[in-house]
Amino acid sequence: MRKPFIIANWKMNKNVQESVEFAKAMQNAVPLGEDVGIAAQALSLYSMRAAIGDSPLRIIAQNAGSQPAGAQTGEISIESLADAGVSHVLLGHLERRLLFHESNEEIGKKVATALQFGVTPIICTDEEKIQVTIDGEQHYFFHQLTSILQGLSPKQMRRIIISYEPRFAVGAKQAASPKVAETTCWQIRQSIADHFGKKVADEVRILYGGSVTPQNIYGIVSQPNVDGALIGRASLDIQSFLQMVNCFQTAKRQKLAAI
Ligand code: PGA
């Protein structure tokens, strides 16, 4: 079974001290063997990592530059992220695409650099699929993902995590329904299978993001093709985040029992 992943995306919230305190409070609360992470502001990442020592809590960047180092004023070096103990980086979040006009080409370069330095890319995508019929079979084409992932080997693809975040649900009042989340995550998996083979597609983790709350998380992450959640607003409060980590564990146990 794919290992589920639950991630807090704090966006431009919480100062260094608040971030460190939250991470310290979380470090012992991460259930053994579970993937739980926090994507905090770049300024806080090093202090958070240092504060929690070898805790399995993942410290995640929200963005990075496409070059490992050099002349990209204002960007965050992936090489430095790796050096600071950052294990994952969100790339291509909807807000990066809308507010900072990041293109698929640019995101693709960032993915390649992250892989080069051993930082796992979590590629966010908000797009709807195009449905095509080939030899009487339905296939799904995702323009953003296809152009970002082109050129990767199946071995590299295995290291990628995808987060499906529909535009209508990010920062909104309502999440996508569990059915919509499941259907799209399944279609993304089919599309990965078309490009990289079924074995790779079965291994890649696909998360859902967009208005996840303690009330709706169970229905979403208990879907067979949804391997976790990327949570914005509802992750800012520690009790709310812990509650969601617990729901997510229950969902995982249920999925295991169903195998
Ligand atoms: P939200 O944000 O949970 O506040 O909708 C999700 C995200 O943007 O990752």
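Twelve salt bridges turn up in a search of the whole structure, which is a predicted model. Side chains of opposite charge can pair when their charged atoms come close. Where do the two partners sit? R2 belongs to the segment before strand 1 (5–9). D227 lies in the loop between helix 10 (217–221) and strand 10 (228–231). The pair therefore ties together parts that are 225 residues apart in sequence.

Now turn to the ligand. Around the ligand stand 13 residues. The closest are K11, H93, G171, S211 and R233. By class, this shell holds four nonpolar, six polar and three charged residues.

Which atoms meet the oxygen atoms of the ligand? Several contacts can be followed one by one. R233 places a polar side-chain atom 2.7 Å from a ligand oxygen. G171 uses its backbone instead: an N or O atom there lies 2.8 Å from an oxygen atom of the ligand. N9 contributes its side chain, with an N or O atom 3.3 Å from a ligand oxygen. How much of the ligand's accessible area does the protein cover? On its own, the ligand has 280 Å² of accessible area, and the protein covers 99% of that.

Note on methods: Residues are numbered from 1 along each chain as its sequence is written. This is a predicted model: local features need pLDDT of at least 70, side-chain atom pairs count only at pLDDT 80 or more; totals for chains, interfaces and linings use all residues. Side-chain values use heavy atoms; hydrogens and water are left out. A residue is near a molecule or strand if one of its heavy atoms lies within 4 Å of it. A polar contact is a pair of N or O atoms within 3.5 Å; within protein, one must be able to donate a hydrogen and the other to accept it, and residues adjacent in sequence count only if both atoms are side-chain atoms. Accessible areas come from the Shrake-Rupley method with a 1.4 Å probe; for residues, only the protein chains shown count as cover. Ala, Val, Leu, Ile, Met, Phe, Trp, Tyr, Cys and Pro count as nonpolar, Asp, Glu, Lys and Arg as charged, and the others, Gly among them, as polar. A salt bridge is a side-chain nitrogen of Lys or Arg within 4 Å of a carboxyl oxygen of Asp or Glu. Helices (H or I, at least four residues) and strands (E, at least two) are DSSP runs, numbered from the N terminus.
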